[in-house]
Amino acid sequence: MPDAIDRYVLARYSKLLHGNFAGMMSGPEGEPFLRELVEDARRIADDELEELLTADWRPRITAAWLIGTDRRTAWRGRIRELFLESGLVFAGQGYCFALARFGTIADAEILVSYLDQYLARPDLRYDQAWALAALHHIDADLRTAYTSRYLRPGGLWESWSAKNNTDLPFHKMYFDMLCSHVQRAAHAADVRH
């Protein structure tokens with residue numbers, strides 16, 4: 001286990017947290033960071049992913065980004081379980097990314113389950129903005145309208161965001177940009193091979 005944490009987590013988790021790597025994209029570190037993320041996402045073994053998903057939030061957020069980057073949909077059930085549990089801070093950001101990368105109706109329904117549960121709790125500021133941005137991302141790809149139920153006047157987003165200052169248009173744009181960076185890196189890796 002320490003080998004998996006040393007190899008995949010320690011140098012990476014702080015850049016994945018809040019999508020901090022976006023700030024690196026205009027500099028010389030951005031492309032190598034994403035290239036290594038894609039390579040490791042394709043290389044990491046399932047038993048190593050499971051070990052990371054049983055650790056604290058740093059390995060979990062990293063595992064979720066690796067799972068999402070390589071679109072390992074076999075992990076959907078485990079991601080769902082951990083996401084709806086919301087047992088650790090920040091890890092949910094990675095779960096949202098993975099679900100958005102999978103991008104199916106099943107993933108949208110997981111996000112809906114999360115939002116139904118956690119938008120109803122304005123006293124909790126977890127990963128609601130990430131989840132709504134991920135759901136919006138899936139809506140845009142599938143041409144569905146799952147987010148509309150939350151965004152109508154008097155909807156759950158309005159009541160939750162009244163107590164949690166969140167710039168949703170910025171968050172949706174930022175989330176889409178993160179997914180776009182990873183998609184370009186994954187495509188470039190496919191072209192190289």
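Read along the sequence, the protein follows the pattern α-α-α-α-α-α-α-α-α-α-α-α, and its secondary structure comes to 12 helices and zero strands. Helices (H or I, at least four residues) and strands (E, at least two) are DSSP runs, numbered from the N terminus. The model is predicted, so that local features need pLDDT of at least 70 and side-chain atom pairs count only at pLDDT 80 or more, while totals for chains, interfaces and linings use all residues. Residues are numbered from 1 along each chain as its sequence is written, and side-chain values use heavy atoms, with hydrogens and water left out.

The C-alpha trace spans about 50 × 30 × 30 Å along its principal axes. For 193 residues, a compact globule would have a radius of gyration near 16 Å, and the protein agrees, because its value is 16 Å. This radius is taken over C-alpha atoms, and the globule rule is 2.2 Å times the number of residues to the power 0.38.

Two packed helices are described by the angle between their axes and the distance between the axes. Here axes are lines fitted to C-alpha atoms, for helices over the stretch in contact, and angles run from 0 to 180 degrees between N-to-C directions. Helix α4 (residues 46-53) and α5 have axes that come within 7 Å and cross at roughly 140 degrees. Leu49, Leu52 and Leu53 of α4 make this contact with Pro59, Arg60, Ala63, Leu66 and Ile67 of α5, contact meaning heavy atoms within 4.5 Å. By class, the residues of the contact are seven nonpolar, no polar and one charged. Ala, Val, Leu, Ile, Met, Phe, Trp, Tyr, Cys and Pro count as nonpolar, Asp, Glu, Lys and Arg as charged, and the others, Gly among them, as polar.

Helix α5 (residues 57-69) also packs with helix α7 (residues 91-102), at an angle of about 10 degrees and with the axes 8 Å apart. That makes α5 roughly parallel to α7, a description given to angles under 35 degrees, whereas those over 145 count as roughly antiparallel, 65 to 115 as roughly perpendicular and the rest as oblique. Among the residues that meet are Trp57, Ile61 and Trp65 in α5 and Tyr95, Phe97 and Phe102 in α7. The residues of this contact divide into 10 nonpolar, four polar and two charged.

Helix α7 takes part in the largest pocket as well, giving the most to its lining, with four residues. On a 1 Å grid over the protein atoms alone, a pocket is an open set of points where a 1.4 Å probe fits, with protein on both sides within 12 Å along at least five of seven lines; lining residues have an atom within 4 Å of a point. The lining numbers 22 residues, of which Phe90, Gln93, Arg125, Tyr126 and Asp127 lie nearest the centre. It comprises 11 nonpolar, eight polar and three charged residues.

Ser86 sits in the loop between α6 and α7. Its phi is near 45 degrees, a positive value in a residue other than glycine. Leaving aside neighbours within four places in sequence, Ser86 is in contact with Tyr114, Tyr118 and Tyr126.
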